[in-house]
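Hi everyone, thanks for making time this morning. Let me put the structure up, and then we can walk through it together.

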Amino acid sequence: MKTTHADLAGKFIEDEPRTNWHDETLWFVREKRDKAAHGLPEWEQLREWGSQIKNATLSNLSNYLKEFEENALANGVKVHWASDAKEHNEIVHKIIKKHNIQKIVKSKSMLTEECHLNEYLHEHGIEVVDTDLGERIVQFRKEPPSHIVLPAIHLKKEDVSATFHEHLQTEKGNNDPQYLTEAARQHLRNKFVESDLAITGVNFAIAETGGFVVCTNEGNADMGAHTAAVHIACMGFEKLIPKAEHLSVFLRLLARSATGQPITTYSSHFHKPRPNQEMHIVIVDNGRSKQLGREDFRNSLKCIRCAACFNTCPVYRRSGGHSYHTAVAGPIGSILNPNLDMKANADLPFASTLCGSCSNVCPVKINIHEQLWKWRQVIVSEGYVAASKKISMKGMNFVFSNPKIYRLMGKIGRKSMQLFPFIVNNKLNIWFKQREMPVPPKESFRDWYLKNKKSQN
Ligand code: SF4
């Protein structure tokens, strides 16, 4: 059975205290972002530069990709190209098989989530340990991350305590965050030592140098890459920037937009393998070329995955990341995912109020809410909305474009609600389930205005 955002959100909001807490926690992160951004007089200038650099990169992408590959190869890095998720997973698997490795560590990479790499490798008998604390928590629980920066934000410390008690044998009921973090630290240290291969994501790849930068707050990418004999970095091709000097713009924008920090705790620069180490970069398309060719949605590829649009979105905050049923949730996920599978993700662009808050906070000035609105039009014209929605929208269009009929319907509506309130106040009306329906006014605003305007003259 198809499960839509509305169905999954319905499940999430059944737990009202959790919904409120989720909403408030993310709003707190949004406020931290505001303070950090407003503390920099040049913030708007940085956003403009970020947007222009990304725009210029996308306009000249093939040349920058070539330049990046040439420089990376000259640095002694092996470069692979994957057209889709399947090819990406096969390339990674081939490298692992070549070295006969059974256990690998991975630092946070939304691309590998998008490609379902963990599941693929698990099916081939390879243990993958996610080393970001939040990712490890959701991995223990066999859940996907619910947020691209804060993967376990839907969980409370009590949930983490219960999970660690089950998997790491910590004291039952001990919810002390320091105790729990220390348990995870000890557990992960062993995994780093046992592993011979590390997978990391890429935040920025620099065409000019062939190097790349990985940003983490826990140092787990460094721990993995520095202890392993083989390092595989997986990146979507939109991670490219032309020059090293552009990094200063993006590193300042990224952490402030994500968590309100001036910079991520670790911004690790990788250029070449250590002596006796092997370094690979897998550059992935997986639908990105197609999105690049969609004029209205092209600039969604400027995204630097800061999640500021998630934290500010009133729908995301009150429906949780899992309701988006895709690797990248939130407003930007609702633009990227219909490109990957329009039918399966046709519900996502409708999971928005179109308030525009996402576009206001986006550090690279993506017109997110306009693209969501555009996707709705594409999805309707391609026939991917329910017939009931299409019919009711046609009906509304007819009523709203005929003033006489609109006034008549208003009168009928007000009278019916006064005489037969159960017409709207019943369990079949999903709006009524969580709302007090207002007492209908005796007259419309138009009638009131005409009357009062006359009495004032
Ligand atoms: S769309 Fe903008 S705000 Fe949202 S994650 Fe991407 S860069 Fe951040």
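Predicted model: local features only at pLDDT ≥ 70, side-chain atom pairs only at ≥ 80, totals over all residues.

**A walk through the sheet and the helices**

Residues are numbered from 1 along each chain as its sequence is written.

When I say helix or strand, I mean DSSP runs numbered from the N terminus (helices are H or I, at least four residues; strands are E, at least two). Strands E4 (residues 197-200) and E7 (residues 230-236) pair in the parallel sense over four bridges; to pair, two strands need at least two bridges found by DSSP.

Which order do the strands of the open sheet follow? There are six, running E1-E10-E7-E4-E2-E3, with parallel pairing. At the edges stand E1 (78-82) and E3 (127-130), each with a single partner strand, so one side of each has no neighbour in the sheet. From one strand to the next, the twist averages 20 degrees. Helix H11 (residues 220-227) packs on this sheet and touches E2 (103-106), E4 and E7, its direction making about 145 degrees with that of E4. Such angles run from 0 to 180 degrees between N-to-C directions, and axes are lines fitted to C-alpha atoms, for helices over the stretch in contact. Contact here means C-beta atoms, placed from the backbone, within 7 Å.

Now to a helix pair. The axes of H16 (residues 330-340) and H18 (residues 368-381) come within 9 Å and cross at roughly 35 degrees. On the H16 side we find Pro 331, Ile 332, Ser 334, Ile 335 and Pro 338, meeting Ile 368, Gln 371, Leu 372, Trp 375 and Ile 379 of H18. By class, the residues of this contact are eight nonpolar, two polar and no charged (Ala, Val, Leu, Ile, Met, Phe, Trp, Tyr, Cys and Pro count as nonpolar, Asp, Glu, Lys and Arg as charged, the others, Gly among them, as polar).

Last stop, Ser 161, in helix H9 (residues 157-168). Is Ser 161 buried or exposed? Ser 161 counts as buried, because it has 21 C-beta neighbours inside 10 Å; the cut-offs are 20 or more other C-beta atoms within 10 Å for buried, 12 or fewer for exposed, and partly exposed in between, with C-beta atoms placed from the backbone. Ser 161 and Gly 173 are twelve residues apart in sequence, with 6.5 Å from C-alpha to C-alpha.

Technical notes. Contact = placed C-beta atoms within 7 Å.
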